[in-house]
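Good morning, and thank you for coming.

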Amino acid sequence: MANPVAAQDAVTVEDALAALDGTEIVADGTIGVLVSDLLAFRLEDRRQFRVEMAVDRPTLERVEACYLNDYNGPVCPVRITGALRVKDDYFQVLVDSVTFIE
């Protein structure tokens, strides 16, 4: 059955993405380097996002020593805070704090 929402009431994809851009988040998962040397954050349900780090140098270095897929290094469970960013063709998380879960 068709959605009863009238076309004039529907939100465009562009408007929906614009509304998400900058949304503050808190999430648990793992953080670290992918094989491609990109930094990424993976939620517990396995969805992952590229990350940009806005943290101090010691935290960044600790994150860079972690791996998402156990590629000869530690897998690091964390809680992050930051903001969701909508890039051209993907979502990114701007991470402003990382708490390592021991």
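Predicted model: local features only at pLDDT ≥ 70, side-chain atom pairs only at ≥ 80, totals over all residues.

Let us start with the overall plan. The chain contains 2 helices and 5 strands, and along the sequence these follow the pattern α-β-β-β-α-β-β. Of its 102 residues, 31% count as buried. The accessible surface amounts to about 6,900 Å², and carbon and sulfur atoms account for 51% of that area. If we take the contacts between residues at least 6 apart in sequence, 54% of them join residues at least 24 apart.

Now to the strands. Which strands pair with strand 4? One partner is strand 1, residues 24-33, which pairs with strand 4 in the antiparallel sense over 8 bridges. Within that pairing, Val26 has Thr81 of strand 4 as its bridge partner. Another partner is strand 5, residues 91-100, which runs antiparallel to strand 4 and is joined to it by 9 bridges. Here Leu84 stands opposite Val93 of strand 5.

We turn next to helix 2. Its residues Thr59, Leu60 and Val63 are buried. Viewed down the helix axis, the buried residues fall within an arc of 100°, so they line one face of helix 2. What covers the buried residues of helix 2? The cover includes strand 1, strand 2 (39-43), strand 3 (48-53) and strand 5.

Let us take Phe41 as an example. Leaving aside neighbours within four places in sequence, Phe41 is in contact with a list of residues that includes Ala27, Ile31, Phe49, Val51, Val78 and Ile80.

The chain also has a covalent link to show you. A search of the whole structure finds 1 disulfide. It is formed by Cys66 and Cys76, with their sulfur atoms 1.9 Å apart. Cys66 sits in the loop between helix 2 (57-64) and strand 4 (76-86), while Cys76 belongs to strand 4, so the pair ties together parts that are 10 residues apart in sequence. The angle about the S-S bond is -85°, and the link is left-handed. Are these two cysteines buried or exposed? Both Cys66 and Cys76 are buried.

Finally, let us consider Val86, which is found in strand 4. Why does Val86 count as partly exposed? Its relative accessibility is 22%, and the partly exposed class begins where the buried one, under 20%, ends. Not counting residues up to four places away in sequence, Val86 touches Leu17, Leu20, Asp21 and Phe91. The C-alpha atoms of Val86 and Gly22 are separated by 8.0 Å, although these residues are 64 residues apart along the chain.

Thank you for your attention.

How values were computed
Residues numbered from 1 in each chain as written. Heavy atoms only, no water. Disulfide = S-S within 2.5 Å. Helix = DSSP H or I, 4+ residues; strand = E, 2+ residues; numbered from the N terminus. Buried < 20%, exposed > 50% of the residue type's maximum accessible area, 1.4 Å probe, protein only. Contact = heavy atoms within 4.5 Å. Areas by Shrake-Rupley, 256 points an atom, 1.4 Å probe, with all protein chains shown as cover. Pairing = 2+ DSSP bridges. Arc of directions from axis to C-beta.
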